[in-house]
Structure formats: structure tokens, C-alpha cells
Amino acid sequence: MTSKAAVKESESTAPDRELSLDLYRQMRVIRSFEETVQALFLRGQVHGTTHLYTGQEAGAVGVCGVLREGDWVAGTYRGHGHSLAKGVTAQRLMDEMLGRSTGVCGGRGGSMNVIDVERGLIGCFGIIGGSIAAATGVAVAAKQQGRQAVAVAFFGEGTSNQAYFHECLNFAQVLKLPVVFVCENNLYMEFTPIEDVTAGEIIARPQAMGIRSEQVDGNDVWAVRAAAEDAVAHARSGQGPVFIESLTYRFVGHSRSDPARYRKEGELDRWRERDPLLVARARLSEEFGVPAESLDALDAEVEAELELVAERAMAAPYPDPATEMASEFKA
Ligand SMILES: Cc1ncc(C[n+]2csc(CCOP(=O)(O)OP(=O)(O)O)c2C)c(N)n1
């Protein structure tokens, strides 16, 4: 996703019209991208499984937009949003979804394991907690090399019950590493309500280690962005890690095979009223007078763009095993 917001540095950014529109557009691209992937999936074109980020778009867009070139992001298997917000183009990501050689990982990563080191995406990890370990690791390297880079780890709330979480947060705080830990709390760890498997408040865990911690409305891209600006500046200045708990909700099941019947009655409808796209549209209208028709036109433009992206991806070649051996298997 090419965007001014994605490369904007972390100086304080009062919301202006152009930036607000750009943030909205980025979220819209992620939403349309996933709608397209889902449609292709149902047509049997996407192999393996997919975990959609639908409903959580404000998290990736709010955080990645305040990073500088040279900063790092580690995402999860729910990583389409993390990848697009960190600058992977919709075309290269779509090609990857369809296993084509023009994909961001040459068609071998698929939906769950996207990586684009050139863009600072050090990986989207199927192993929960992998993102936390990877971001902590590159933060160690940045510190040792005297670089002012910041590493961001995205992960779900269920992952806060995993060993990596406790080990890496402790390590990062002891060494004052430049990491921002972004816990995207969408209430369910796969099919289990988080409160059924979690002792105490998640945010109390980093707080107990003395890590600066904040909860934020994860469906409001501006709230996320403000928290991220603060967190990234803190981490970059050498004062150590920051923890952000982004309160959000996924509108779809955990993965393609999950009809999400475990939800409480009315819960999805209540969250849909706070759809990050609706929240942003309201702000664009109230604060900047952007008419609904302009935003509808922007939506239509993005949808048309994604249709073309899908068409091009369908026409792209598969990797040829005879000539395009994955680099790790080369002698
Ligand atoms: C080490 C490890 N254990 C178990 C799993 C199986 N698993 C896949 S997703 C998931 C739940 C993760 O929930 P959460 O961290 O809340 O993220 P969300 O899916 O809600 O985004 C689990 C346990 C895994 N991928 N990795």
C-alpha cells in the first residue's frame, strides 16, 4: 500500500483532512483485499487456510503509519492488514495468496507466513508468540548496532498466555529494548472467550514489569495512531518497551472453518456499529465535511482496483519447481 501516512515520521500529527482520508483509504484497501480473498477462497483459488483481520483494520493502519523507514514489524497469521499497512502492495500480496511466483514470497508463503524484509516486515507468524520473539530479537540487534530503529510486535490477547510473551516482555524491559508490543484484543482466543482462560487483566502483566502500558480503542484509527506515536517515540528514545492493548473485535470467525457460533447474542451487531470504517467515516464527515458520496466513490474505486488486482493475480504464473527452487533448498 503506497501511502504518505505509511512513511510519515513520528512527529506529532494533528489530524488533517488529507491524512484522515489516507488512513480511511488504507483501511478500505485491507477490507476489500480480504473480501476479495474470501471470494477467491470460496471459488477454490486460495489454498491452505486464511485468518481474516476484518474489523481490526484500525490497529495495523494506526500503528504502521507512524513508523519510519528502517523500523520493523512482526505480524501474525491474521497478517493481511499488518502486511498491507507496512507497505506490501496489494498486488504482491494477492499474488502470494494465489501461490504465484510474483507473490511477495514467490508464492510459497501463502496467507499465514508473509514476509518482506525489504519493507521491514520481518514476518507474519503462524506460531503464536513468534511475532513477539522476532520483534524482541531485532530490537536486540538494533540496540547492539546503535541504530535508532523500533520493532513492533502485533499479537492477539490469547498469546499473552504463552511463554514467549512473559519471557520477551521481561527481557525487553530489563535491556530497555526499543519494542512496541501491540496486543490486539479481539476477545476470543480461537473459539474461547479470553476471560475463560486468563487470570487477571492482561494489561496488569506488563505493568507488573514496570513497562509503560496503555489501553486504546482499537476501532478508532486516530486513537490507535496517537497511542502508537507516543509509544514509538518512547521506544526510539531508548527508554525501553511500551505495551499497547488495542481493544477490538473480529467480524468473522477465527479462520475459514469457523462459523463463530460461540458469540453472545447481539455482540457482533454492537461491534459492527463501531466498525473502524464507520468510525472513520463519521470523523471525516464531522470534522472535515467530507460528504458520504465522496467516500462511497473512494470505496468503489478501491473495489475496482482490487478486482483488477485479483484478475492480474489469476493470470500470473505459478513458480516452476524446475527453475525456481526456494532459496533455502539451493546448494
Ligand atoms: C505455539 C502455538 N500454539 C498453539 C497454536 C494454535 N493457535 C492458533 S491461533 C490460536 C489462538 C490465538 O489467539 P489470539 O492470540 O487471541 O489471536 P487472535 O486469533 O484472536 O488474533 C492458537 C492457540 C499456535 N498457532 N501456536
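Ala, Val, Leu, Ile, Met, Phe, Trp, Tyr, Cys and Pro count here as nonpolar, Asp, Glu, Lys and Arg as charged, and the others, Gly among them, as polar. The model used in these exercises is predicted.

**Exercise 1. Helix 2 against helix 3**

Task: State how helix 2 and helix 3 pack, and why helix 2 counts as oblique to helix 3.

Solution. Step one: helix 2 covers residues 17-42 and helix 3 covers residues 57-64; their axes lie 9 Å apart, at an angle of about 135°. Step two: angles from 65 to 115 degrees count as roughly perpendicular and those over 145 as roughly antiparallel, so helix 2 is oblique to helix 3. Step three: the crossing of helix 2 past helix 3 is right-handed. Step four: helix 2 makes the contact through L23, Q26, M27, I30 and R31, and helix 3 through E57, A58 and V61. Step five: this contact comprises 5 nonpolar, 2 charged and 1 polar residues.

**Exercise 2. Confidence**

Task: Locate a stretch where pLDDT stays under 50.

Solution. Step one: for the protein, mean pLDDT is 93, with 94% of residues at 70 or more. Step two: over residues 1-11 pLDDT stays under 50, and the model has 30 contacts beyond four places in sequence for these residues.

Definitions and conventions
Residues are numbered from 1 along each chain as its sequence is written. This is a predicted model: local features need pLDDT of at least 70, side-chain atom pairs count only at pLDDT 80 or more; totals for chains, interfaces and linings use all residues. pLDDT is the predictor's confidence in each residue, from 0 to 100. Two residues are in contact if their C-beta atoms, placed from the backbone, lie within 7 Å. Axes are lines fitted to C-alpha atoms, for helices over the stretch in contact, and angles run from 0 to 180 degrees between N-to-C directions. Helices (H or I, at least four residues) and strands (E, at least two) are DSSP runs, numbered from the N terminus. Angles under 35 degrees count as roughly parallel, over 145 as roughly antiparallel, 65 to 115 as roughly perpendicular and the rest as oblique. A crossing is left-handed if the near helix is turned anticlockwise from the far one by less than a right angle, and right-handed if clockwise.
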